[in-house]
Amino acid sequence: MSTQPPPSVSSEACLHYGDGEFAVLSAGAYVRCAVSGAAIPLTALRYWSVEKQEAYVGPHEYLAAAGR
């Protein structure tokens with residue numbers, strides 16, 4: 001039996017971003033957008049960079065990161 005409490009709504013997850021999928025390394029409810037800093041719920045995460053290992057809240061942020 002685990003003694004760890006379930007991740008709270010306010011906990012940030014740590015992910016490994018792969019091609020078309022991600023793996024949860026550390027449980028949580030959200031990740032931060034690398035461009036805007038906005039919290040992205042894992043259920044809404046659709047944009048990330050495998051090469052940079054970072055998440056983006058939407059396509060505009062993804063394109064902004066690609067140009068930096």
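Modeller: Tyrosine 47 is placed in strand β5, which covers residues 47-49; strands here are DSSP runs of E of at least two residues and helices runs of H or I of at least four, numbered from the N terminus. This is a predicted model, in which local features need pLDDT of at least 70 and side-chain atom pairs count only at pLDDT 80 or more, while totals for chains, interfaces and linings use all residues. Residues are numbered from 1 along each chain as its sequence is written, and side-chain values use heavy atoms, with hydrogens and water left out.

Colleague: What pattern does the chain follow along the sequence?

Modeller: The chain holds 1 helix and 6 strands. Read along the sequence, their order is β-β-β-β-β-β-α.

Colleague: Is alanine 55 buried or exposed, and what is its relative accessible area?

Modeller: Alanine 55 belongs to strand β6, residues 54-56. Buried means under 20% relative accessible area, exposed over 50%, and partly exposed in between, with a 1.4 Å probe and protein chains only. Alanine 55 therefore counts as buried, its relative accessible area being 2%.

Colleague: Which residues does alanine 55 touch, not counting residues up to four places away in sequence?

Modeller: Contact means heavy atoms within 4.5 Å. With residues up to four places away in sequence not counted, alanine 55 touches Tyr17, Val31, Arg32, Cys33, Ala34, Ile40, Leu45, Tyr47 and Trp48.

Colleague: How is tyrosine 47 classed, buried or partly exposed, and what is its relative accessible area?

Modeller: Tyrosine 47, one of the residues that alanine 55 touches, lies in strand β5. Tyrosine 47 is classed as partly exposed, because its relative accessible area is 32%.
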